[in-house]
Amino acid sequence: MKRCNQLIFALLTLAMSQTIQAAPTPLDRVTVQINEGIILESEVSGMVKTIKANAANAGQKLPSDTALRTQVIERLILTRLQLQMADRIGLHIGDLQLDQTIENIAKEQNITVSQMKAQIESDGTTFAQYREQLREEITLGEIQRIQVQRRIQVSPQEINNLVKIINEQGLKDVEFQIGHILIDVPSDANSQQLDAASKRAAAVLKRLNDGDDFRSIAIAASSGPKALEGGIWDYMNINEMPTLFAEVVGDAKTGDIIGPIKSGSGLHIIKIMDARGLQTQEIEEVKSRHILLKPSPILSEERAKSMMDRFLEQVKSGEAKFEDLARQYSEDPGSAVKGGELGWADPNIYVPAFAQELNSLEIGQYSEPFRSTHGWHIVQLEDKRTTDATDKFNTNRAHQLIFRRKFNEELQNWLDEMRAEAFIDIFEPVSNRG
């Protein structure tokens, strides 16, 4: 049945392409079939146009249109696979959550939502388009958190080992901006495929050593997760970067090119784009407590928020105690039994909406009900303190660094597995066919 559906789809696509050829005005067409979904040519061309405009504004070089198109299609495929997964598990970002996120973004920028809307529309994007783009970004972040987090195990031994290293050697006071190019090699590659990959890696390495632009080469040649960003990873401390990077960066200097390095996914070439001292030597920790309600088919978004409004009124009037409400109603099992207490933590370990809310509160103050990716919250900031990120390194930060490193690694593994299991058919434009 699936093969029959695919044949029908191919015939329909062929008919559509023939119709487009004969039409006096250009029409949209299907460019990729992914399982039961599609990517339209307008999506591909729109993303290519945006990348070109951004590169022109930044004065960056881009590879050929063919290479850029290939990377854009690959990014759209991975995005669509994640959205399909979100749809399968019933993950949908409702308007209330979206509105709350927009309010948080505006608050972080110290502007009103109306001012934010005016800024967006002055750049040529409608506010409706912005909302849907943001809804997609939130969905991607949440599906990645749900699917990848459960694949990660951080053992007490790993934490103890890192704490011991930190205590003996100190927290490395350098952050590296890494450029990464991955030359893909199939897991069951034969000798010819291995030889071809080695030649591609050697050609890339030669171009880099000759001074060619790294970002342009990465967009054209890399199969890595940051290819469309020119292969550039943001600044990372050696303890939080993927293991492959950490093992080879060591005492490398800005401009150093390392590789090719072989791994299970292919051949890696790494360039140290920049290095800087740690930007934050001290960390402000917060002590807080919260109540969480998770919307569901039984508990609507509106009902959850209404309950939170009522809880806040009860706490402020003295009609109920915060800790009693948390024990009775909160759906965060780790903190509910402790009256909602979260203890001391770096606020950055929390999801963005929660961290932003904490950062906006004064000691003792309660937040208004707000929505994060987890659900609806009320949070109270109980206290603040400043700790030294180098001399007082603790198990919470060790866990955070290890988790970040493993998350980046497992995210790529999960995406690779999804892509390998999916039915994907790419239909080239008629003009590109031989």
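**Backbone, sheets and helix packing**

Analyst: Asn110 lies in the loop between H4 and helix H5 (113–122). Asn110 is not a glycine, yet its phi is positive, at about 60°. The model discussed here is a predicted one.

User: Which helix has the lowest confidence in the protein, and which the highest?

Analyst: Across the protein the pLDDT averages 84, and 88% of the residues score at least 70. Residues 1–25 stay under 50 in pLDDT, and for them the model has 17 contacts beyond four places in sequence. By helix, the lowest confidence is a mean of 39 in H1 (residues 2–22), and the highest, at 95, is in H12 (residues 322–329).

User: In which loop is Asn35 found?

Analyst: Most residues other than glycine have a negative phi, and most peptide bonds are trans. Asn35 has a positive phi, near 50°, and is a residue other than glycine. Its place is the loop between E1 and E2.

User: What is the order of the strands in the open sheet of 3 strands?

Analyst: Strand E1 (residues 30–34) and E2 run antiparallel and are joined by 4 bridges, with Val32 having Ile39 in E2 as its bridge partner. Strand E2 (37–40) and strand E11 (424–426) are the edge strands, each pairing on one side only, and neighbouring strands of the sheet are turned by 20° against each other on average, direction ignored. With antiparallel pairing, the order is E2-E1-E11.

User: At about what angle to E1 does H3 run?

Analyst: Helix H3 (residues 65–88) has 24 residues and reaches 34 Å from its first C-alpha to its last, close to the 34 Å expected at 1.5 Å a residue. Just after H3, Gly90 takes a positive phi of about 80°. H3 lies across E1, E2 and E11, and its direction relative to E1 is about 40°.

User: How many residues of the contact of H4 with H6 are nonpolar, polar and charged?

Analyst: On the H4 side the contact includes Asp95, Leu98 and Ile105, and on the H6 side it includes Phe127, Arg131 and Ile138. The residues of this contact divide into 7 nonpolar, 2 polar and 4 charged.

User: Which residue in E6 stands opposite Leu182?

Analyst: An open sheet of 4 strands has antiparallel pairing and the order E4-E3-E6-E5, with strand E4 (236–237) and E5 as its edge strands, each pairing on one side only. Within this sheet, strand E3 (residues 174–184) and strand E6 (residues 266–277) run antiparallel and are joined by 11 bridges. The residue opposite Leu182 in E6 is His268.

User: Across which strands does helix H9 lie?

Analyst: Helix H8 (residues 191–209) lies across E3, E5 and E6 and runs at about 135° to E3. Helix H9 (residues 214–221) runs at about 40° to E3, and the strands that it lies across are E3 and E6.

Key:
Residues numbered from 1 in each chain as written. Predicted model: local features only at pLDDT ≥ 70, side-chain atom pairs only at ≥ 80, totals over all residues. Heavy atoms only, no water. Helix = DSSP H or I, 4+ residues; strand = E, 2+ residues; numbered from the N terminus. Expected span 1.5 Å × (residues − 1). Contact = heavy atoms within 4.5 Å. Nonpolar A, V, L, I, M, F, W, Y, C, P; charged D, E, K, R; others polar. pLDDT = per-residue confidence, 0-100. Pairing = 2+ DSSP bridges. Axes fitted to C-alpha atoms, helices over the stretch in contact; angles between N-to-C directions.
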